[in-house]
Amino acid sequence: MSFWKLIKVVAYKELLDGFRDRRALMSALTFPLLGPLMITVMLSVISSEEEIEGPLEIPVVGVEHAPNLVRFLEEQGVLLETPTEEMLTDPHEVVRRGDEAIVVDISEDYSADFQDGVPATITLIADESKRSTQVAMSRLSAVLGAYNSRIGQLRLLARGISPQVLRPLNIHKEDLATPQTRASNILEMIGMFLIMAAFGCNMYIAIDATAGERERGSLEPLLLQPIHARVLVLGKWLSTVVFGLIGGILTLFCLSVAMHQLPLENLGLRLVFGVRESAQLMFIAMPLILFAGAAQLLLATIAKSFKEAQTYLSATMLLPMLPGLFASMKPMEPSIWMAAVPALGQQVMTSMVLRGETVGIEYLSISTGVCCVLTGGSLLIMTRVLSSEYLFQK
Amino acid sequence: MIKVDNIAKSFGDVHAVQAVSFTALDGQITGLLGPNGAGKSTTIRMMYGLLQPDRGRVDVDGFNPSVQPVEARKCLGALPDAYGLYPRLTARENIAYFGQLQGMSGQVLKRRIDELNELLDMKEIISRRVDGFSQGQRMKVSIARAIVHDPKNVILDEPTNGLDVMTTRAMRTLIRRMKEAGCCVILSSHIMQEVSALCDEIVVIARGKVVATGNVAEFCKLTGEEDLEEAFVKLVCEDSEK
């Protein structure tokens, strides 16, 4: 039988074994579902907090002192609630309990102060540790600020002074952030989940094909077959690659479905995540999947037992997640050295694709090249280990 | 035919095998007899080519397993000390996997497995997954897997360990049939009775050395004992006194 046919025999057996192994299947399916689930939960929490739309509803104490202000607020679309008995006596407690986000208290002296032209006091009582309160507060402040400057201008005009005197600066804000760049935190997470899938989905089958084989005592009979160790290594590696590919494709599929279900536009985010992007991401992740399988097989071959292999491989799963975690907290400027680090390079390129940027050919080739070299190296070492006496020394 | 010529193997300070030589002829059952830790398994692993001898050489039908492992293993069927199966595969799949690795396929492989199924009486278990098999059932599948390619040379490392009487007898019948078919069978064991009942030639190994070669009658004459067990004890202990 030819070399390739033998490799196919080994790979087929490992896959058959893997697909009948509930634990291997579970680990292959968990990671693709975990990512989209986490992103969905996170985004829906954020979006429930950021209800930008909808009118402001605010209880105001002392409306009778400031009829003009109240009319202005109503014109601006603020709904004024009639305060309850408790708000009149202890408004702080109402806010502290969380019954109301903001309570506005117009002081009793407001009317008199306003007539005299001294600053009239309005107190805004709020707990700004909540994000939703911050949004409401800034909207309310903007409305009150507008009233403030309008009255100020009228008073200056009454004294024959141009209101321009109070505006030495004309400040323009130009926000260049696009909805796509605003989504960058989520972008980094998508890359992270893809990398997790590359390392996580084939982990179990990699352990079972090496340390598991040893623990069951089936490795010695297997090594007595008239085939070169590289046939076994390549066959086993191919089966881990198949599991990695299935995991990667499932992850991308679930992520893109989740992204299309979520009200991203309402959050002011926009992600380009269609079939074309998914294909590109898969192409980027491919070398990493090849490398992950090889590295995990090698580690599990050297490990003394199934448990030891599991410990090693769980640790290797955390390492590639580090760049993703960092990046989601503080987006990194992509530089060329990152391409040479497996997982980090893929992380950076994933973000590029989702941001709608083009991935440079040299970036892609460095990243792919490094992964391929490391894959080859790992497989070579594993072949050496299997054909040496290492496993049978007492 | 398997020739072992003065092989030695050490692991660090432990001299597992110091000087082992013997020739196992075709159509004969050769027994490797020795107490636990005498170096039987290490000797056998050198015959497979899994371990490289520090000195001396092994010859399997003209091939040196250290230099030409693939060729040597093609004419070798082996039941090692650890004979683990794949629990999620059926008995047939387990046997077929090794058959394919031996280069068999299609109808040839299927017919051979059916033949082994008949020979080892595995009809009830052949299509079941191995998970949950008894020791005897496992052993049957393992031996079928080891000889699926119908090898000229068969090495069995303690093949009746942990088997019940019925399975042991079936195993012995199989070993005799392989001998009749002209195979070179090597059998390692620490059980006197088994070796004396089956083997044409017995190689007694103790402390990594061959202490005696011959048959039961010769051992008794050599030691002046009537009983084989006494003779064995004497052979092994004499060596340790030296």
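This report walks through sheets, helices and a chain contact in a predicted model.

Residues are numbered from 1 along each chain as its sequence is written, while chains are lettered from A and ligands numbered from 1 in the order in which they are written. Because the model is predicted, local features need pLDDT of at least 70 and side-chain atom pairs count only at pLDDT 80 or more, whereas totals for chains, interfaces and linings use all residues.

**Strands**

Helices (H or I, at least four residues) and strands (E, at least two) are DSSP runs, numbered from the N terminus. Two strands pair if DSSP finds at least two bridges between them. Strands of a sheet pair through backbone hydrogen bonds, either parallel or antiparallel.

Chain A has an open sheet of 4 strands. Their order is β2-β1-β3-β4, and the pairing is mixed. β2 (79–81) and β4 (122–126) of chain A stand at the edges. Each has a single partner strand, so one side of each is left without a neighbour in the sheet. Neighbouring strands of this sheet are turned by 35° against each other on average, direction ignored. Axes here are lines fitted to C-alpha atoms (for helices, over the stretch in contact), and angles run from 0 to 180 degrees between N-to-C directions.

In chain A, β3 (residues 102–106) runs antiparallel to β4(A), joined by 5 bridges. Within this pair, I102(A) faces A126(A) of β4(A).

Chain B has an antiparallel pair too: β1 (residues 2–11) and β2 (residues 14–24) share 7 bridges. K3(B) sits opposite T23(B) in β2(B). The two strands form a hairpin with 2 residues between them. G12(B), in the turn, has a positive phi of about 60°.

**Two helices**

The expected span of a helix is 1.5 Å times one less than its number of residues. The table sets this beside the reach from first C-alpha to last.

| Helix | Residues | Reach | Expected span |
|---|---|---|---|
| α1(A) | 17 residues | 24 Å | 24 Å |
| α6(B) | 16 residues | 23 Å | 22 Å |

A residue is buried if 20 or more other C-beta atoms lie within 10 Å of its own, exposed if 12 or fewer, and partly exposed in between; C-beta atoms are placed from the backbone. In α6(B), the buried residues are M171(B), L174(B), I175(B) and M178(B). Seen down the axis of α6(B), they fall within an arc of 100°, so they line one face of the helix. The arc is that of the directions from the helix axis to the C-beta atoms. On the other side of α6(B), the exposed residues include V165(B), R169(B) and E180(B). G182(B) follows α6(B), with a positive phi near 90°.

In α1(A), the buried residues include L6(A), I7(A), V9(A) and V10(A).

**Where the chains touch**

Two residues are in contact if their C-beta atoms, placed from the backbone, lie within 7 Å. Chain A gives 23 residues to the contact and chain B gives 25 residues. On the side of chain A, α1 (3–19) and α12 (219–223) are the elements that give two or more residues. The largest share, 5 residues, comes from α1(A).

A82(B) lies in the loop between β5 (76–79) and α3 (91–101) of chain B. A82(B) is partly exposed, with 16 other C-beta atoms within 10 Å. Leaving aside neighbours within four places in sequence, A82(B) is in contact with G217(A) and E220(A).
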